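Biologist: I would like to learn how to read salt bridges in a protein model. Could you walk me through some?

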Amino acid sequence: MSLQLTRLSPALGAVVEGIDLARPLDDERRRALSEALLRHQVLFFRGQDITPLQQRNFAVRFGDLHTHPIYPQHPDAREIMVLDTDAVDLQDNAVWHTDVTFIETPPLGAVLAARQLPELGGDTLWASGIAAYEALSASLKARLDGLSAVHDFAKSFPLARYGLTDDDRRRWDETRRKHPPISHPLVRIHPESGRRALFVSEGFTVAVNDLPEAEGQALLQFLFAHQSRPEFSIRWRWQPGDVAFWDNRCTIHYAVDDYRPARRVMHRATILGDRPY
C-alpha cells in the first residue's frame, strides 16, 4: 500500500496513512518518508501500536541515535528517552525549543510516541524556521547573514532544579564538562533542501556573537517572538497511538503544560544530525 499524505497547514505538517511503524521499514518507504519529512517538516501517524524497541528500530533507519544526558532512559531501549511527568518536572518543554542544540551535531530529527495522555490538554505545537526566515525582510536577512549564536544546555536544565541530589549533581557536572556552551549559525542552511531556516530557540540560545549584549538580546527576543507566530505553526492534539516525526534542523516545538496534576508519558527517539552551517 502506498503512503497517503494530508497536509495540515501551508507552513508545515502532514498526516501520513498507509504505514505500520511496528513493521520493519524497507528502503522504499524509508525514502518516501524522508522525502515527505523534507517537504512537510513534521509528520504525524495515527493508531500506531509500537513497543519502545520498535520505535527505536524505526528511528535508527534514519541515522544514529542520541542518548540524552539528563532525562531517564527506557529499560528496554536506552536510546528511548522517557518523558514522564510523574518522574521528571517537564516544565522546560513548555517553551519554544529545538532539541539538543547544545551539542556539536544537533539532531536531524526525533520520533515521539504518546504512551499515556491526560484527558484534556498536553498538546504540542511545531513551527517552521524556514517559513519564519522567508517572511523576514530582505534587509534583516542580510543583517543575519554570517551571525552565530551561543547555545547552552543549562538554560533549559538549570543546576538549581537538576542538581538536587548528589547523583543528579554528578550527572549535571558531567554534562557541563562534555557540553560547554557552543556556537551555531543563527540562520542555518538545510543540508538536503538548501533552504535557509532560523536556528535559535528560547530553550537553549543565550547570546548572539559579534553583537553588543543589549543588541544581541533584543535581536533574539524579536526572533523568538517572530518564529512562533501562528502562521508559521500548527497545534497537534494527541490521541492514544499517535506518533510524530519531525525535522529538528528547521523546526521549533512547544509542549503545552496545561494538564497538571494529570500524568503525561511520552517516549522520544532522537536521531543525530550534522554540524549546522
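Predicted model: local features only at pLDDT ≥ 70, side-chain atom pairs only at ≥ 80, totals over all residues.

Biologist: Which residue does Glu104 meet in a salt bridge?

Modeller: Glu104 pairs with Arg275, at 2.8 Å from N to O. The two lie in distant parts of the chain, 171 residues apart: Glu104 sits in the loop between strands E6 and E7, and Arg275 in the segment after strand E17.

Biologist: How do I describe the accessibility of Glu104?

Modeller: Glu104 has 44% relative accessibility, so it counts as partly exposed. Arg275 is also called partly exposed, because its relative accessibility is 47%.

Biologist: What about Asp123: buried or exposed?

Modeller: Asp123 is at 6% relative accessibility, and buried means under 20%, so Asp123 counts as buried. Its side chain meets that of Arg235 in a salt bridge, with 2.9 Å from N to O. This pair, too, links distant parts of the chain: Asp123 is in the loop between E7 and E8, Arg235 is in strand E14, and 112 residues separate them.

Biologist: Where does Asp247 come in, and is its partner buried or exposed?

Modeller: Asp247 forms a salt bridge with Arg249, and their closest N and O atoms are 2.9 Å apart. Both Asp247 and Arg249 are buried.

Biologist: Which residues are linked in a network of salt bridges?

Modeller: Look for Asp84, Asp86 and Arg263, which are joined in such a network.

Notes: Residues numbered from 1 in each chain as written. Heavy atoms only, no water. Salt bridge = Lys/Arg side-chain N within 4 Å of Asp/Glu carboxyl O. Helix = DSSP H or I, 4+ residues; strand = E, 2+ residues; numbered from the N terminus. Buried < 20%, exposed > 50% of the residue type's maximum accessible area, 1.4 Å probe, protein only.
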